[in-house]
Amino acid sequence: MLATCLVIMSGVPASSTGTAFADSTAFADSTAAHARGGDLYVLCTNSVSVVDSASGQVLRSIALYNPPGEFPAPVATGLVVQAGDHRALVATAAAGLETVDLHEGKVVSVNPAVDNAYGISPGARGLAAFVLQASGVEGTPVVVPIGVTGKRLRAVPLANVGENVQAITTSPDGEDVYALLFQGLLVRVHIRTLRVGARFRVPGPANDVAISPDGQFAYVTVGRPSGLVKVKVGDGAVSRVSTFGADPYHIVVTPDGHRAYVSDGGRVFPVDLA
């Protein structure tokens with residue numbers, strides 16, 4: 001399940017009362033965004049747009065690779081900009097993992113082995129990224145570590161049944177990866193050992209996950225009842241933070257951990273996490 005992306009930039013006004021305000025419509029078909037330096041990289045259905053964050057102007061659009069004979073074009077599902085701001089790794093639902101040269105404005109390599117990828121998060125501990133993938137005939141969910149050379153390493157199984165892969169994020173301290181399944185399962189993977197740790201049950205349908213800056217809580221947007229829940233990753237305790245919206249989706253937590261911004265259709269809800 002894909003949705004428009006929440007794009008958070010500095011200077012956005014907000015209220016802790018949960019009042020909604022209009023989300024940007026400039027990138028209505030975006031599925032991911034990443035800001036670094038003076039540029040904003042916005043992932044659209046089959047391209048990457050490079051946007052000047054000061055002026056808001058699109059500097060260039062980079063077309064993604066579409067395998068011959070594929071129609072409709074494979075949908076891009078996530079983006080990670082690598083160190084140095086030179087290359088990006090783009091996960092797709094059908095075309096594999098694509099490496100994009102952001103300076104030259106073109107796809108330089110494609111790894112077709114990393115297919116059915118429905119999310120990607122930044123690497124840590126010497127790895128380039130982590131891809132959330134539906135693997136095999138039954139669609140069993142796995143996390144695939146990607147080496148710095150782009151090589152697909154041994155997959156980490158998340159469950160032994162077919163569940164819908166939904167979102168993935170790397171903890172701020174680089175110790176863990178959290179993979180979210182749509183039915184309401186949050187799985188912790190230890191990066192040092194590449195083994196599954198705790199599994200947490202959250203209300204489903206579950207849409208997106210973000211980790212608090214101190215690593216103590218996982219915040220998950222859910223659809224029934226719609227709103228935001230938090231998981232204390234130390235003991236697995238689940239509690240509701242707020243109920244709002246129709247189908248809250250993407251979530252961003254501020255660096256101080258005091259507030260979250262959650263997209264819901266064409267709106268963004270600020271949520272006071274205290």
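## Confidence and overall make-up

The mean pLDDT of this predicted chain is 82, and 82% of its residues reach 70 or more; pLDDT is the predictor's confidence in each residue, on a scale from 0 to 100. Over residues 1-30 pLDDT stays under 50, and the model has 71 contacts beyond four places in sequence for that stretch, a contact being heavy atoms within 4.5 Å. Where pLDDT is low, the predicted coordinates should not be read in detail.

Residues are numbered from 1 along each chain as its sequence is written, and side-chain values use heavy atoms, with hydrogens and water left out. Because the model is predicted, local features need pLDDT of at least 70 and side-chain atom pairs count only at pLDDT 80 or more, while totals for chains, interfaces and linings use all residues.

The secondary structure comes to zero helices and 24 strands. Here helices (H or I, at least four residues) and strands (E, at least two) are DSSP runs, numbered from the N terminus. Of the 274 residues, 49% count as buried, where buried means under 20% relative accessible area, exposed over 50% and partly exposed in between (1.4 Å probe, protein chains only). Among contacts with a separation of 6 or more, 38% come from residues 24 or more positions apart.

## The sheet β10 to β13

Let us start with the open sheet of four strands in the order β10-β11-β12-β13, where the pairing is antiparallel. The edges are β10 (117-122) and β13 (156-157); each has a single partner strand, so one side of each is left without a neighbour in the sheet. Two strands pair if DSSP finds at least two bridges between them.

Four bridges link β10 and β11 in the antiparallel sense, and Ser121 has Phe130 in β11 as its bridge partner. The hairpin of these two strands has four residues between them, and in it Arg125 takes a positive phi near 55°. On to the next pair: strand β11 (residues 127-135) and strand β12 (residues 140-147) are antiparallel over eight bridges. Phe130 turns up here too, standing opposite Pro145 in β12.

Five bridges join β14 to the antiparallel strand β15 (residues 176-181). Ala167 stands opposite Leu180 in β15.

## Nonpolar cores

Which residues touch the most other members of the largest nonpolar core? Of its 17 residues, they are Phe130, Leu132, Val143, Leu158, Ile168, Val177 and Val189. A nonpolar core is a set of buried Ala, Val, Leu, Ile, Met, Phe, Trp, Tyr and Cys residues joined through side-chain atoms within 4.5 Å. β11, β14, β15 and β16 (185-190) each supply at least two residues of this core, and β11 gives the most, with four.

Not counting residues up to four places away in sequence, Val143 touches Phe130, Val131, Leu132, Ala155, Val156, Leu158, Ile168, Ala179 and Val189. A second, separate core of 15 residues includes Leu180, Leu186, Ala218 and Val231. In soluble globular proteins, nonpolar side chains tend to be buried together.

Ser226 lies in strand β20 (residues 226-232) and, at 10% relative accessibility, counts as buried. A polar atom of the Ser226 side chain lies 2.6 Å from the backbone oxygen of Gly245. Leaving aside neighbours within four places in sequence, the contacts of Ser226 include Arg240, Phe244 and Pro248.

Thr254 has its place in the loop between β22 (251-253) and β23 (259-264), and with 17% relative accessibility Thr254 also counts as buried. Beyond four places in sequence, Thr254 touches Pro213, Arg259 and Tyr261.

Leu43, in strand β3 (residues 39-43), is buried with a relative accessible area of 0%. Leu43 and Val90 are 47 residues apart in sequence, and their C-alpha atoms are 8.4 Å apart in space.

Terms used
A polar contact is a pair of N or O atoms within 3.5 Å; within protein, one must be able to donate a hydrogen and the other to accept it, and residues adjacent in sequence count only if both atoms are side-chain atoms.
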